[in-house]
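Please work through the exercises below with the sequence and the model side by side, and try each task before reading its solution.

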Amino acid sequence: MRCVNCVGCSWSRPTGANRISFGGHLSSGFNPCPLSPLSFRSSSSCDANNFAVSCSSTSGPSDSNPEPYSNRSYSRRWHNPLPRRRHPDQMPSSRIVRDWIVSDTTTPVSQGSERFTVVSYNILGVRNASHHIDLYSNVSFPYLKWGYRKRLICEELIRLNPDIICMQEVDKYFDLFSMMEKAGYAGSYKRRTGDNIDGCAVFWKADRFRVLERENIEFSQFGMGDNVAQLAVLELRKSNSRKILLGNIHVRYNPNKGDVKLGQIRSLCSKAHLLSKKWGDIPIVLGGDFNSTPQSPLYNFLASSELNIMEHDKRQLSGQKNCRPTQVLETGSKTSNSITFISRLRSFFEDLNSSWTNEEIRVATGQENSYWAVHPLKLSSSYASVKGSANTRDSVGEPLATSYHSKFLGTVDYLWYSDGLVPARVLDTLPIDVLCKTRGLPCQELGSDHLALVSEFFFEPNG
């Protein structure tokens, strides 16, 4: 085990139609808990205050001494890791509701298939929140405090009760781990390289999954910046033949660095493919903040497996520059027209210096003499695959927005999956008008400037 304060740290530790509404009471399927602003209506049930967690192993292996297979077992009862009481002034009063959307492909045959739920969640790093305060000018200061946000985030995750969690912008890993471990999760963390203190973290239910292999990716080794990604081979404990390859990534933010963004995504897909092949072509789930919009060339690259970079301006690969709240909300107004003019003027001057250098071509494509970036996976987006409402979905079926602050309103988070898996349902995001009423995230009910994406998958019967 290496200290979490060291650069490049990788750490893990062993561990012992539905609706979710924010700021209300607990509905059918779950027993009420007095501490949380979250409430659930679900077909599954559990007592959030007291239930047994049984594991056939303590958890996945540590990085320094991997032991993927263990004969040890235990059974213990755990208490809710969150305090029971909260001051009334801290209790969210408004209600934010997210509905489960069930896939049309859910058939009687699939009902009996093994299922698991995955969350992808950019939780907003503490340092990022404090160093980019201009993004949260409309957010009341108490809602930016880590203590308040941590409570909301952990309450949300514990009540969602997912099997696997992919987190990004994690710089308080041990704070989260102390709570998630008591809820039955094991975890693994990979810090970004350089002077950064945040990174990516994966949690999994220790009684449902064991870790067979892990791999961390430091993109700095390939000249692609300080971002990192995680890969893990997870096996269902009660069904040894069922394995998945999980990937978790936070792609570089800078919209002008399209070559680096493309290189990071391409590298993740290539390494995921190799690890999947090693374990018998097991199905893949990739979660994360990809910092690219559904209308962008980067999104098309993920969906189609190829991209001719010479057809695009590297500064426009991600589509992020078209998602300022004023651009999204004021289409057709005079203000919007003036903003559009300024945007076009800015793009004109950028185009004067938008040619690709040899180094940018190498980073983007992995080759010096090729203009085509390719990856070996056949991926689909879980949200685009499950038809939703026009109030929450765009023209390609993705959420209208997964992130909202003073300078961005749009979608950058995704859950991608490969053949062998089928999305059974997804937790729908929020309509734009509901998001706008918050005036910016995080808010009283939501602990991050991103929404958690949640998908339930089942294995294809012949997969």
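The exercises that follow concern a predicted model, and each task is followed by a worked solution.

**Exercise 1. Describe how helices H3 and H4 pack, and state which residues make the contact.**

Solution. Two packed helices are described by the angle between their axes and the distance between the axes. For H3 (residues 146-160) and H4 (residues 173-182), the angle is about 35 degrees and the axes lie 11 Å apart. The next step is the handedness, and here H3 passes H4 in a right-handed crossing. On the H3 side the contact is made by Trp146, Lys150, Cys154, Leu157 and Ile158, while H4 contributes Asp175, Leu176, Met179 and Met180. Sorted by class, the residues of this contact comprise 7 nonpolar and 2 charged, with no polar residue.

**Exercise 2. Find the aromatic pair formed by Tyr173 and Phe177, and classify its geometry.**

Solution. The structure holds 14 aromatic pairs. In the pair of Tyr173 and Phe177, the rings are 5.8 Å apart from centre to centre, with 35 degrees between their planes. Planes under 30 degrees apart would count as stacked and those over 60 as edge-to-face, so this pair is tilted. Because Tyr173 and Phe177 are 4 residues apart in helix H4, about one helical turn separates them.

**Exercise 3. Characterise the largest cavity by its volume and its lining.**

Solution. The volume of the largest cavity is about 60 Å³. Its lining consists of Ser188, Val202, Trp204, Arg214, Glu215, Asn216, Gln230, Leu231, Ala232 and Leu246. Strands E10 (199-205), E11 (209-218) and E12 (228-236) are the elements that each give two or more residues to this lining. By class, the lining has 5 nonpolar, 3 polar and 2 charged residues.

**Exercise 4. Locate Leu124 and Pro442 and describe the backbone at each.**

Solution. Most residues other than glycine have a negative phi, and most peptide bonds are trans. Leu124, in the loop between strand E7 (115-122) and helix H2 (126-131), has a positive phi, near 70 degrees. Pro442 lies in the loop between helix H11 (432-438) and strand E22 (453-459), and the peptide bond from Leu441 to Pro442 is cis, with omega near 0 degrees.

Notes:
Residues numbered from 1 in each chain as written. Predicted model: local features only at pLDDT ≥ 70, side-chain atom pairs only at ≥ 80, totals over all residues. Heavy atoms only, no water. Axes fitted to C-alpha atoms, helices over the stretch in contact; angles between N-to-C directions. Left-handed = near helix turned anticlockwise from the far one by under 90°. Contact = heavy atoms within 4.5 Å. Nonpolar A, V, L, I, M, F, W, Y, C, P; charged D, E, K, R; others polar. 1 Å grid on protein atoms, 1.4 Å probe; cavity = no way out; pocket = protein on both sides within 12 Å on 5 of 7 lines; lining within 4 Å. Points joined across faces, edges and corners; volume = space filled by probe spheres on them. Phe/Tyr/Trp six-rings, centres within 6.5 Å; stacked < 30°, edge-to-face > 60°.
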